[in-house]
Amino acid sequence: MIEKQTDYGRLIIGEKMELFAEAGRLAVAAQAASPSANFTWAFTGGSTPQAWYSWAQETGAIPAEMMAQTHFTVSDERCVLLSSDESNFGNAERKLLAPSGVPVEHRHPWVVAYEPKPAAEAYRRTMQLLNPPGRAYDVCFLGMGDDAHTASFFPGSKLLEADGGLFFDAIDTPQKGWRLTITPSGLQACGLIVVMTLGAGKAAALKRVIEGEDALGDAPAKILRTCAARTVWLVDAAAAAELSA
Ligand code: 6PG
């Protein structure tokens, strides 16, 4: 794997399977070094995490003891039932948490039975109870869309301008409807952020985020500059194809 330092975090370029293994290693190392009584690990949405869950389940890359001790959640969520294929937590649960036997009291989905704003309030409360003050998650996995969005910060998102210091919130997004999401303040309060970005479809967006001149509102993943010291990008050659050598 090739490694570079960027203004947006450490960038590691490699093959998909090497990157999957690196994502697992980073989380395991973070847990081993963590003083947190309740180690929290947030997954995210999209196709890449789903492939990663299947890989992690098949390889047993995350030790059973860590799976049993960690508290799991997701960085952002759609307002749908857990049973929906669109549910980020539902997908994590079906592909990894349930087959690994993660105790139900360690599974923390957003409570989408509530209206979005009360759901965000309830989630903030759960995370405050789990985490020490000033911590959002110990590890947060993220992806990036081909429009350069990350978590549920889509281009033009008002959360990028101001989030009131809240770590989590609900936001009504154009075309996508209500989303529940970690905020920029929340990202800055994570111990480690791992952004998995795979495939040629991401090449132009990755170039814009890491090397381009776009405003934050046009390339929301640029928010990761504010937490570069704790961010690792795991990128395959196709996604890295437009980056300068
Ligand atoms: C979501 C995610 C979103 C995702 C990217 C990348 O719920 O969809 O929060 O930010 O991570 O769109 O998705 P892929 O893994 O499919 O590339």
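Visitor: Which residue forms a salt bridge with E93?
Guide: This model is predicted. A salt bridge needs a side-chain nitrogen of Lys or Arg within 4 Å of a carboxyl oxygen of Asp or Glu. Here the closest N and O atoms are 3.1 Å apart. The partner of E93 is R107.

Visitor: How many residues apart are E93 and R107?
Guide: E93 belongs to helix α4, residues 88-97. R107 lies in the loop between α4 and α5 (116-130). The pair links distant parts of the chain, and the two are apart by 14 residues.

Visitor: Where does the ligand sit?
Guide: Start with its cover. The ligand's place is the largest pocket.

Visitor: Which element gives the most residues to the shell around the ligand?
Guide: Two elements give two or more residues to this shell: α2 (47-59) and β5 (76-78). The top giver supplies 3 residues. That element is α2.

Visitor: How many residues in the shell around the ligand are polar?
Guide: Sort the shell by class. It has 3 nonpolar and 4 charged residues. The polar count is 9.

Visitor: What is the distance from an oxygen atom of the ligand to an N or O atom in the side chain of T48?
Guide: T48 is among the residues that come nearest to the ligand, along with S47, D76, N88 and K202. A polar contact has a cut-off of 3.5 Å between N or O atoms. For the T48 side chain, the distance to the ligand oxygen is 2.8 Å.

Conventions: Residues numbered from 1 in each chain as written. Predicted model: local features only at pLDDT ≥ 70, side-chain atom pairs only at ≥ 80, totals over all residues. Heavy atoms only, no water. Near = heavy atom within 4 Å. Polar contact = N/O pair within 3.5 Å; in protein donor to acceptor, adjacent residues only side chain to side chain. 1 Å grid on protein atoms, 1.4 Å probe; cavity = no way out; pocket = protein on both sides within 12 Å on 5 of 7 lines; lining within 4 Å. Sits in = over half its atoms within 2 Å of the grid points. Helix = DSSP H or I, 4+ residues; strand = E, 2+ residues; numbered from the N terminus. Nonpolar A, V, L, I, M, F, W, Y, C, P; charged D, E, K, R; others polar.
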